[in-house]
Amino acid sequence: MVKIGIIGVGTVGEAVIKNLEKNKEIIKARAGKEIKVVKGVVKNLNKKRDINIPLTTNYKEVTQDPEIDIVVELIGGVDKAYEIVKDALLNNKAVVTANKALLAYHRFELQKIAKTPFEYEASVAGGIPIIKALRDGLSANHILEIKGIINGTCNYILTEMKKGRNYQEVLKEAQEKGYAEANPTFDVGGFDAAHKLLILASIAYNIDAKPEDILIEGIENINLTDIEFAKEFGYEIKLLGIAKKVKNQIELRVHPTLIKKEEMISKVEGVMNAISVKGDVVGETMYYGPGAGGNPTASAVISDIIEIVRGNNSPMLGYKIPLEIENLSLKPIEEIESKYYLRIAVNDKIGVLEKIAHILASNNISIASFLQKPKEKYVKLLFSTHKCKEKEIKKAIKEIEKQEFVIKPINYIRIEE
Ligand SMILES: NC(=O)c1ccc[n+]([C@@H]2O[C@H](COP(=O)([O-])OP(=O)(O)OC[C@H]3O[C@@H](n4cnc5c(N)ncnc54)[C@H](OP(=O)(O)O)[C@@H]3O)[C@@H](O)[C@H]2O)c1
């Protein structure tokens, strides 16, 4: 029998315990051994719970229990989780975690410490087996690009806004439905998606970067004019996590993105997640499913436990030896190239258009399309551009915003084609 200790018995922890029990026959058949949760760790012992295992508040009773084979970390957060996982690894426990924040900061340190199996399937896109797909199923490939809808809350908000509903109203509803936290910044600001993107990028490219190193923008400034523009020009707006190999540099970025309606990933609606991975051998592959929730996440956590019990031993981030030959580095944010959509609110005056076109041109930016939307008191000018560098568009935006005819900060969305 394989004995499990679960640290954190909340939404995911409870679902893991219940599903290990509910599906115990098929899990035993697949793992080859019986799997039993023998202890759980929580913060508050007085909380009412619908499970029947011994509980403690002292994580060392799990990480240092010689009877326990696998430690499952499900408390979330960075520092305490790092302390716990490190202690488990140093005590030779195999570890399973669903904690993307922990991995976004410490995956390379943990990889160094881990002499035992370490699995983290649930940390990206909940129930979708993207870690194993990327690390094991696609291991013959150079990964050319990853594009993912990896935050269900943002996708839900953007899907609802297409029905003409405004951002604030939909965000409030997402909070009421439990999709978004009381403080939703982590989701709508793109940080949660960035954590997941970093994990995927380290498997795809063995690249070590922290959230602070990469481009992260959220969906807070998207409004109905942008949604209308997207419709009119055949796009959808999605918050994407993008990892891309450009020569020997890796672009990592999270931001709202205009993508063509025909692309498969454009069709992903509501809270669902989807990830497209392009490999040089396989071509484009696509993974779709529920990115959160107790049961979908438990499905991934339990698959990790089974993997460990079976004795499979893929390296944590997928590399037996360092990837030095590729000499890959992180592309500086200001060098990233993209096409852009710009929304500029101006007073309706002669010469405005000419001035804006001049500023764009003097920053190496050429206009691809233009649309004018008259409002009651001002005019909205909508531009799309050809490809330019991040530093060029930012400089042009600053210059345009200084003009006296501009009446609000300029909004922009990157276009991915
Ligand atoms: N929920 C999802 O849909 C989902 C999806 C993918 C990944 N994840 C990840 O899974 C992990 C768990 O998420 P969750 O939604 O299950 O969280 P949760 O419902 O808030 O549960 C957290 C659990 O950890 C316990 N805990 C927190 N701090 C602790 C500490 N310092 N010492 C001991 N126990 C502590 C809590 O104890 P009490 O019960 O006593 O408060 C609770 O049982 C997170 O890393 C999250 O990012 C979650």
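**How the domains meet**

Between domain 1 and domain 2 there are 5 salt bridges, a salt bridge being a side-chain nitrogen of Lys or Arg within 4 Å of a carboxyl oxygen of Asp or Glu. D192 forms a salt bridge with K100, with 3.6 Å between the closest N and O atoms. This is a predicted model, in which local features need pLDDT of at least 70 and side-chain atom pairs count only at pLDDT 80 or more, while totals for chains, interfaces and linings use all residues. Residues are numbered from 1 along each chain as its sequence is written, and side-chain values use heavy atoms, with hydrogens and water left out.

The domain assignment, whose bounds come from an automatic or database source, gives domain 1 (2-127 + 295-310), domain 2 (132-289) and domain 3 (334-416). The contact between domain 1 and domain 2 (heavy atoms within 4.5 Å) takes 16 residues from domain 1 and 21 residues from domain 2, and the C-alpha centres of these two domains lie 27 Å apart. The area buried between them is about 1,600 Å², of which carbon and sulfur atoms give 57%; buried area here is the accessible area (1.4 Å probe) that two parts lose on being put together, summed over both.

Turning to a pair of helices, the axes of α2 (residues 24-31) and α12 come within 9 Å and cross at roughly 35°, where axes are lines fitted to C-alpha atoms, for helices over the stretch in contact, and angles run from 0 to 180 degrees between N-to-C directions. Helices (H or I, at least four residues) and strands (E, at least two) are DSSP runs, numbered from the N terminus. In this packing, I27, R30 and A31 of α2 meet I302, I306, V309 and R310 of α12.

Across the whole structure there are 42 salt bridges. One of them joins the side chains of K162 and E236, at 3.0 Å from N to O. Because K162 lies in the loop between α7 (152-161) and α8 (167-176) and E236 in strand β9 (residues 235-246), this pair ties together parts that are 74 residues apart in sequence.
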